Amino acid sequence: MTELNNSILTWILLVPLAGAVLIAILPDRGKFSAWIALLTALLSFGFTLHLPAHFLPGQPGFQFEINRPWIENPAIFYHVGVDGLSLWMVVLTGLLAPVGVLASWNAIRERSKIFYSLFLVQQTAMFGVFLSLDLMVYYGFWELSLVPMAILIAMYGRKDGPRAAVKFFLFTFIPSAPLLVAILWLYARTGTFNFSELQPLIANGAFPAAPLFWTALAFLFAFAVKVPIFPLHGWLADTFSEAPVALAMVVAGKLGLYSMLRFHVGLFPVQTRAIAPLLIALTVIGILYGACLALVQRDFWRLVAFATVGHFSLTTLGIYGLTLTGRDGAVYQTLNQGVIEGALFVLLGVLETRYASSQIASYGGVAAKLPRTAAFFVITALAMIGLPMLNGFVGEFLILSSTFTGVSRGWAIAATFSVILGAAYMLWLVQRLFYGPESPMAADRPVVDLRFHELVVLAPLAVLMLVMGLAPSIWMPAIEKYTNQIQIKQAAAWPFVPVMSPAHEEAAR
């Protein structure tokens, strides 16, 4: 067991990469590539479950850590580890891998060898982002995550894949250039890319203030585009409209939000405090903007894209409200959205596969022919709205309550309108797709309800939505350990960082 603990993170990184190589060298016959991808994804997910089973919430610092020299000059180390922040992100990525493979089972009929190979490379890149503690290794995985996504959007886009792929690549690649410059500047001043070594150096004032501010801004810019934060969201709607379902469920939010918490808030506490008021304003605008645009969409992929802008803006509000409870809610809400959007994308993919349309007006009365699909869709929609007892409620409540008591009542009230607007567009979507008069398309086209492999995906996700809503204490100890450590470091670096009073903290929890 000790040997496995010492190597588990390497196995998590290598297994999907090995599966990708195996698929690439073997012949493409029938579902052969899909089966290899599924077995690889399940094995990878099994390895990720080892982490929470052996994670010690009371132990400080990173666990399962590996720190070995890789390149002598510049001094790049193979340095990986997990803490309360990255632990559940890795498990979520592992969970979504078999979900993505099964969601693509019947949707990908051509060039499946290329699709599943690049999909597994994408999994390796995402694991690498969450595990890396050497900034240069992190940057390599960060950039690697763009390549499979852009290629697969171009190859499998529904209408104009190449244009959407170029737009996605440029929007997400260009901000990475100043990020690389900022990382190299830190290395030039310190001689290290090690996150654990850079963190105290920056906190103790080892850098001049003005260059450090621009360095922090370069980090933030790259992450804000990836979330995306208003007004840097221009790539998201086209990407959701064109990307295969398996890729769409992993593209938005998680990498950017994690990177904000780890490498912006974690490395630059003073600069985070300075720019927090601007980010709070932008996130509240994004919350309302995304919800309002979702209300007027006629394509369900674009509706989900703008809903995502609103939801992840709410999560960003929790991060930059600089409160313990808000950050707990932000991390938990990132996990929630991964589960909810995974189910939502599978369900929308089912509808598009059955009816060959994403236009909401073409649907109506579909519940009569697809009752199981309708039932799962309603559960997912209610979780996305934030119905109590489902997982979406927990994160929203923690973020909004901490904003109200610890940041600004005005911003909190404005952000709370998103709950009303979110209920409006999701319930409207459910009504238009599944209920009301039966549309000609629904009446004329013979379809089958959820197949076995689709039920295998959706049933566990629906159960997980309920469990995460009723028993958040399963996930919270590790998350709270991380947020407490960050808050202590922030308070030491900037004595006026707002922290909620113990009474408010207890009431919010």
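Helices here are DSSP runs of H or I with at least four residues, strands are runs of E with at least two, and both are numbered from the N terminus. The phi of Leu322 is near 60°, a positive value in a residue other than glycine. Most residues other than glycine have a negative phi, and most peptide bonds are trans. Leu322 is also buried, at a relative accessible area of 2%; buried means under 20%, exposed over 50% and partly exposed in between, with a 1.4 Å probe and protein chains only.

A word on what you are looking at: this is a predicted model, in which local features need pLDDT of at least 70 and side-chain atom pairs count only at pLDDT 80 or more, while totals for chains, interfaces and linings use all residues. Residues are numbered from 1 along each chain as its sequence is written, and side-chain values use heavy atoms, with hydrogens and water left out.

Whereas Leu322 is buried, Ala356 counts as exposed, at 60% relative accessibility.

Next comes helix H17 (residues 371-385), whose end C-alpha atoms are 21 Å apart. That agrees with the 21 Å that its 15 residues should span at 1.5 Å a residue, the expected span being 1.5 Å times one less than the number of residues. The buried residues of H17 include Phe376, Phe377 and Met384. Just after H17, Gly386 takes a positive phi of about 100°.

Helix H18 (residues 391-406) has 16 residues and reaches 23 Å from its first C-alpha to its last, close to the 22 Å expected. Its buried residues include Asn391, Glu396, Leu398 and Thr403.

From Leu398, look across to Gly191, which is 207 residues away in sequence and 40 Å away in space, C-alpha to C-alpha. Gly191 is in the loop between helix H8 (176-190) and helix H9 (195-203), and is partly exposed, with a relative accessible area of 40%. Not counting residues up to four places away in sequence, Gly191 touches Ala75 and Leu186.

Another loop to visit is the one between helix H10 (209-226) and helix H11 (236-242), where Pro228 has its place. A cis peptide bond joins Val227 and Pro228, with omega about 0°. Pro231 lies in that loop between H10 and H11 as well, and a cis peptide bond joins it to Phe230, with omega about 5°.

Finally, step back to the whole chain, with its 23 helices and 2 strands. Its radius of gyration is 22 Å, close to the 23 Å that the globule rule gives for 509 residues, so the chain is as compact as a globular protein of that length. The radius is taken over C-alpha atoms, and the rule is 2.2 Å times the number of residues to the power 0.38. Of the 509 residues, 60% count as buried. Residues 24 or more positions apart account for 80% of the contacts with a separation of 6 or more.

Key:
Contact means heavy atoms within 4.5 Å.
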